[in-house]
Amino acid sequence: MGCKNCCSICLQCLFGYETNVMLVINNKGVGALFRLIQFLIIAYVAVYVCWIQRAYQDTDSVISSVSTKVKGNILTNTSIEGVHVWDVPEYVIPPQGEKSFLVLTNVIQTPGQTQSKCPEIPSLVTKCESDSDCIEGHTEVHGNGVQTGHCVQYSDTIKTCEVQAWCPLENDTIIPKPALLGAAEHFTVLIKNNIQYPKFSFRKRNLLHHINSTYLKNCTFDRKTDPHCPIFRLGHMVTEAGEDFSIMALKGGIIGIFIDWNCDLDFPERFCIPKYSFSRLDNKNPENNIAPGYNFRFAKYYKNNKSIETRTLIKAFGIRFDVIVFGMAGKFNIVPTIVNLGATLAFLSLVIKCLWHNHFHVVPELLPGDCYFSMETTSYGTP
Amino acid sequence: MGCKNCCSICLQCLFGYETNVMLVINNKGVGALFRLIQFLIIAYVAVYVCWIQRAYQDTDSVISSVSTKVKGNILTNTSIEGVHVWDVPEYVIPPQGEKSFLVLTNVIQTPGQTQSKCPEIPSLVTKCESDSDCIEGHTEVHGNGVQTGHCVQYSDTIKTCEVQAWCPLENDTIIPKPALLGAAEHFTVLIKNNIQYPKFSFRKRNLLHHINSTYLKNCTFDRKTDPHCPIFRLGHMVTEAGEDFSIMALKGGIIGIFIDWNCDLDFPERFCIPKYSFSRLDNKNPENNIAPGYNFRFAKYYKNNKSIETRTLIKAFGIRFDVIVFGMAGKFNIVPTIVNLGATLAFLSLVIKCLWHNHFHVVPELLPGDCYFSMETTSYGTP
Amino acid sequence: MGCKNCCSICLQCLFGYETNVMLVINNKGVGALFRLIQFLIIAYVAVYVCWIQRAYQDTDSVISSVSTKVKGNILTNTSIEGVHVWDVPEYVIPPQGEKSFLVLTNVIQTPGQTQSKCPEIPSLVTKCESDSDCIEGHTEVHGNGVQTGHCVQYSDTIKTCEVQAWCPLENDTIIPKPALLGAAEHFTVLIKNNIQYPKFSFRKRNLLHHINSTYLKNCTFDRKTDPHCPIFRLGHMVTEAGEDFSIMALKGGIIGIFIDWNCDLDFPERFCIPKYSFSRLDNKNPENNIAPGYNFRFAKYYKNNKSIETRTLIKAFGIRFDVIVFGMAGKFNIVPTIVNLGATLAFLSLVIKCLWHNHFHVVPELLPGDCYFSMETTSYGTP
């Protein structure tokens, strides 16, 4: 008997299959409610998890490469330079069409600077009465050079500390208004963008297949009429970013050109299309801000006859355009599918079981009869 | 009795442990099938989820910093410049070794440009008969300057609209062939790449520990012989990208240098090694394309004796190399492990249960006897 | 009977609700143990999964835009140039405040270079006895030009191969020590950083709301006193990176400025604050390294009276600062919550069940009595 028992146990270990003893409650109300809940669960999984959240997909983030090319010319007429035509090599910085490019919109030029000594631009810290107010070798943080320790005439009335610097000093107190190159508004930029999702070895360009060269030569981007044209009017982008070009041109700023490559690669490749959007990235409001706008200084260096180096200092205000490419691609993959479905079902079934349990715990006398009945119907229990 | 009952219920609430009543089917066929399925599930989880998908790992994406340094000299002999040696500062743009650098391969130079007036390059839109064909102040999109409103002789036969511009205008109709700096093919570039995975505080360089300085000084990258050498021959990279350097050099283009840092950080650090690959990023085929190749214009500015600004305009065709670093690191983490295993098992057990249920629902008469028998063997049921 | 049976089965299919037949073990020890395990599971889920791993959140990675502005002046006094003041346009490369900017710290200048012929700098490969040692048209990898095939006097004692190049050649054997622009240590840089998490349409700047303009004008970053000031002293950053500025200035290097925007967006926006950190990115140790430090060459081009092009070659050693913005934002989302909770619970419950099962399998005689008793208490079993 013990042996027989033990043998049977061994057999069970190997070939025994355990299943739960189920209890069938044959109650229309409860049954209906149960089916309803089942339906809700399935609906939730199908609609929300699968359809909206695409939880059945494996994802990869975009890798991208961008090149840009600006077109346009402007004629200016200033006291310093006279009539001058600005072309791309002059107003686009850096010239080599990178994904972040700056277009000059306003300029303060200081020609003929040489290494010498001259009085500082008057300010609270640079004004002086006598040499004792100036420290030799001292460099003012917001100053233009290194002080020589002398206090010299800046104008008939004002004396300021003398500095060793590129003289004459730049005086950027007056900013040209309207912006010198305000007409840059009409320039166009061609943006070429190549992206790939290495995990799915998917590659695409923003020059879409169904667009021919002749169209590309003449189109300019417009959200409604030409949503796939990669040529953008600077003014149009600034307007879409909710800014006024003529105002922004004065002190410069940063505009983000966002290219959104979010794609569902379970659909055919042709549905994976870039979405363009524009927004201002820098902080224009003067509160909790410092040096609003966007400007920097660069210089052109010359040597005069006596081979003394002179330079033209240019304080350049401009609008920097940052092409920011982002996106996630999703493609069906068995692991996330199983993980998400499994987990969701498991979780919900647990939740239901608890609710159920707590709900029917209060009516124990319902269960036994039910059970007994169901046991009978399935010819169960005692033989 | 009611009290005793209620008490026992209370006790149950606190200390009662509920377990399912299991039913043991002692049937070799079914049991074997059951064991088989169990094995399949475990196999699936072990092999696919764990091994292939590494679903037990937490992941982090790479943060990287790149610096590059090109080496090489070229001697050219042109009508404009005569014999001229090009060195790095002249043909690498920008010079400061960034992760995206351009190597000039072809050049159209227009020396001695000054701000003045001259006839436009003939084209459909610039040709004219009389001044009435030219609009003063008009800027042609593809033109070189701002029209003065006059129609002047371009050559004996052709009249074109006069423009205010940097004159003489550049004539880029003829591109030097073969490429002026085609020999750039033999240049080498040293790429230094530092990466880190902040989440795992893991840092590494593409100059691997086991490589010594002397080797680095002389090696050049080769997939077979020198897969870890960070010095690349430009020609070699272009060839690996499936392009012909001499052809690409004519009009320029963009080559992506991909450095793949995908690492399994559960393995020792030394197994985390960069994989290099190369591919052309820009669209070379003329269909659905615009301005194929890669070119841009920049200028060198001079002042002559009368301190009038002149410049040499350079239309530069070049190959831009974008170093694109990407990768994901994975490391064991308990949460994704539990989540993935749990979810997978839960899902599969649900699936099995359904199949099983539906399969055995048709043979109810099997169950009871089985059940009863199993109850007996485990000394179950009536005492 | 068969019909009645079949009907009931059909009804069950539609309205029948199946639940497990539970067996209540009424045993204080077991019950307590069971409750303890339940508690542990909940504790684990609550503390680890939810609190530490924030597994209930959906995540998005940061998109950022950076602009920088350096301030400061240095006075140098060299034999070549005499007294010279360096200002931002001269020592910051590129000038247009990008997220990766280089500050010159040491310079080797070679003025008055023209295209001509001159003897190579002596080295093992360039020294020669007769013309036969030099190959016409040969370019030495580490050389400065293209050999003419002649062997000429470099000095009274040394003969080297003549090269066509920008002559006189640069001699960079002696690096100025201390660094010419070592005082760059005291320069400050303003870093403006705008980030966004598109998935949560969350945008923020590193110029925080609660900071006013006057503070920003005068503060400099300090981890303790001014942790939110976006103005950094170069020397301070290098020190925080664990380097000595004066030493690093000699040969240059790369410093990473890491801005960590990891945010829990379930908390109010004001808690999402950038964390700054600094570390050296390039490899300074001479072993398994090549060309340590960071340097590059660029040139200023001039034309002399006879309009012959001359240039000043500048070998620039500098510290490149790479602003590297990274971060992940998390926000509550129902899907990951359900997935993670569900999966975790499912997994743990499976684990428990197995342990339990194996543990109580050895004491079958415990179960029946228990079972029978519990059946009685719940008025179960035989009617």
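Rings of Phe, Tyr and Trp count as a pair if their centres lie within 6.5 Å. The model shown in these views is predicted.

**View 1. Four aromatic residues of chain A form one cluster.** The members are A:Phe221, A:Phe232, A:Tyr276 and A:Phe278. Over all chains, the pairing rule gives a count of 39 aromatic pairs.

**View 2. A:Phe258 and A:Phe326 meet edge-to-face.** The two ring centres are 6.3 Å apart. Their planes stand at 80 degrees, and planes over 60 degrees apart count as edge-to-face. A:Phe258 belongs to strand β14 (residues 253-260) of chain A. A:Phe326 belongs to strand β18 (residues 309-326) of chain A. The pair therefore ties together parts that are 68 residues apart in sequence. A:Phe258 and A:Phe326 are both buried.

**View 3. B:Tyr197 and B:Phe202 form a tilted pair.** Here the ring centres lie 6.2 Å apart, with the planes at 40 degrees. That angle makes the pair tilted. B:Tyr197 is buried, and B:Phe202 is buried too.

**View 4. Lysine charges sit over tyrosine rings of another chain.** B:Lys300 places its charged end over the ring of C:Tyr301. The distance to the centre of the C:Tyr301 ring is 4.0 Å. C:Lys300 does likewise over the ring of A:Tyr301. The charged end of C:Lys300 is 4.0 Å from the centre of that ring.

**View 5. Helix α2 of chain A covers the UniProt transmembrane region.** An unreviewed UniProt entry lists residues 32-51 of chain A as "transmembrane region". Over residues 32-51 the chain is 100% helix and 0% strand. The end C-alpha atoms of this stretch are 27 Å apart. Helix α2 itself runs over residues 28-52 of chain A, 25 residues in total. At 1.5 Å a residue it should span 36 Å, and its end C-alpha atoms are 34 Å apart, which agrees. Its buried residues are A:Val30, A:Gly31, A:Phe34, A:Ile37, A:Ile41, A:Val45 and A:Val49. Just after the helix, A:Arg54 has a positive phi of about 45 degrees.

View 6. Buried residues of α2(B) include B:Phe34, B:Ile37, B:Ile41 and B:Val45. B:Arg54 follows α2(B), with a positive phi near 45 degrees.

**View 7. UniProt lists eight "binding site" residues in chain A: A:Lys69, A:Val70, A:Lys71, A:Thr188, A:Asn295, A:Phe296, A:Arg297 and A:Lys315.** They span 247 residues in sequence. The farthest two C-alpha atoms are 24.5 Å apart, so these residues do not all gather at one spot. The UniProt entry is unreviewed.

View 8. A:Lys71 lies in strand β4 (residues 63-71) of chain A. A relative accessibility of 30% makes A:Lys71 partly exposed. A:Thr188 lies in strand β11 (residues 188-197) of chain A. With a relative accessible area of 16%, A:Thr188 is buried. Its contacts, sequence neighbours within four places aside, include A:Lys69, A:Val70 and A:Lys71. A:Thr220, A:Ile231, A:Phe232 and A:Arg233 are in contact with A:Thr188 as well.

Definitions and conventions:
Residues numbered from 1 in each chain as written. Chains lettered and ligands numbered in written order. Predicted model: local features only at pLDDT ≥ 70, side-chain atom pairs only at ≥ 80, totals over all residues. Heavy atoms only, no water. Phe/Tyr/Trp six-rings, centres within 6.5 Å; stacked < 30°, edge-to-face > 60°. Helix = DSSP H or I, 4+ residues; strand = E, 2+ residues; numbered from the N terminus. Buried < 20%, exposed > 50% of the residue type's maximum accessible area, 1.4 Å probe, protein only. Lys NZ or Arg CZ within 6 Å of the ring centre and 35° of its normal. UniProt positions renumbered as here; feature names shortened; annotations may be inferred. Expected span 1.5 Å × (residues − 1). Contact = heavy atoms within 4.5 Å.
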